[in-house]
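Subject: Structure handover

Hello,

Here is the structure I promised to pass on. My notes follow below it.

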Amino acid sequence: MNTNYIYEWQIKHLKSDSVDQEDDLLFLVECATVGDRDKSLKGLLNNKTWELTLMCSKTIDDELEDRQFAFVNDYKLDEYFDEGRKVPQKYIKEFNKLI
């Protein structure tokens, strides 16, 4: 059995429910803020029309086994996914660098 964990940033537009996923947080922020005056991650979060999460998908032999989410609250990425798995420091650092 081959187990993999795939991490992706996910942004949801709260008015339209459209969802985009991307490995690169900076690229995701740039795409979501096109036409906005403030093109920063903090500006995106201040906008209140977007919800940003980090998604962790567990696959076994290329079949989706589990999916967990880490949410952003008060400009901080949660340290744990909603099912208790710890968020890797790489993603916390990436988020903190942009905030």
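Y91 counts as buried at 10% relative accessibility, where buried means under 20% relative accessible area, exposed over 50% and partly exposed in between, with a 1.4 Å probe and protein chains only. W9 and Y91 form an edge-to-face aromatic pair, with 6.3 Å from centre to centre and 65° between the planes. For such pairs, rings of Phe, Tyr and Trp (its six-membered ring) must have their centres within 6.5 Å; planes under 30 degrees apart count as stacked, over 60 as edge-to-face and the rest as tilted. Because W9 lies in strand β1 and Y91 in helix α3, this pair ties together parts that are 82 residues apart in sequence. W9 is buried, as is Y91.

Before the rest, the ground rules. This is a predicted model, in which local features need pLDDT of at least 70 and side-chain atom pairs count only at pLDDT 80 or more, while totals for chains, interfaces and linings use all residues. Residues are numbered from 1 along each chain as its sequence is written, and side-chain values use heavy atoms, with hydrogens and water left out.

Aromatic rings

The whole structure holds 5 aromatic pairs. One of them is Y7 with Y91: the ring centres are 5.0 Å apart and the planes are at 35°, so this pair is tilted. Y7 is in strand β1 (residues 3-13) and Y91 in helix α3 (residues 89-98), 84 residues apart; helices (H or I, at least four residues) and strands (E, at least two) are DSSP runs, numbered from the N terminus. Y7 is buried, with a relative accessible area of 15%. Ring pairs link Y7, W9, F81, Y91 and F95 into a cluster.

Two rings have a charge over them, which here requires NZ of Lys or CZ of Arg within 6 Å of the ring centre and within 35 degrees of the ring normal. R85 lies over the face of Y5, 3.7 Å from the ring centre. The charged end of K86 sits over the ring of Y80, at 4.9 Å from its centre.

Helix α1

Which residues of helix α1 (residues 25-32) are buried? They are L25, L28, V29 and A32. Seen down the axis of α1, the buried residues fall within an arc of 100°, so they line one face of the helix; the arc is that of the directions from the helix axis to the C-beta atoms. These buried residues pack against β1, β2 (19-22), α2 (41-46), β3 (50-60) and α3. At the start of α1, a side-chain oxygen of D24 comes to within 3.0 Å of the backbone nitrogen of L26.

T53 is in strand β3 and counts as buried at 3% relative accessibility. Apart from neighbours within four places in sequence, T53 is in contact (heavy atoms within 4.5 Å) with E8, W9, Q10, F69, A70 and F71.

Q68 is in strand β4 and is buried, at 8% relative accessibility. The side chains of Q68 and D66 are joined by a polar contact of 2.9 Å. A polar contact is a pair of N or O atoms within 3.5 Å; within protein, one must be able to donate a hydrogen and the other to accept it, and residues adjacent in sequence count only if both atoms are side-chain atoms. Neighbours within four places aside, Q68 is in contact with L54, M55, C56, F81, D82, E83, G84 and R85.

Loops

S18 is in the loop between β1 and β2 and is partly exposed, at 35% relative accessibility. Leaving out neighbours within four places in sequence, S18 is in contact with I11, K12 and H13. S18 and P88 are 70 residues apart in sequence and 26 Å apart in space, C-alpha to C-alpha.

Most residues other than glycine have a negative phi. D17, in the loop between β1 and β2, has a positive phi of about 65° although it is not a glycine. D74, also not a glycine, has a positive phi of about 50°. D74 is found in the loop between β4 (63-73) and β5 (76-77) and is exposed, at 72% relative accessibility.

Cysteines

How many disulfides are there? With a disulfide taken as a pair of cysteine sulfur atoms within 2.5 Å, the count is 0. C31 is partly exposed, with a relative accessible area of 41%, whereas C56 is buried, at 3%.

Regards
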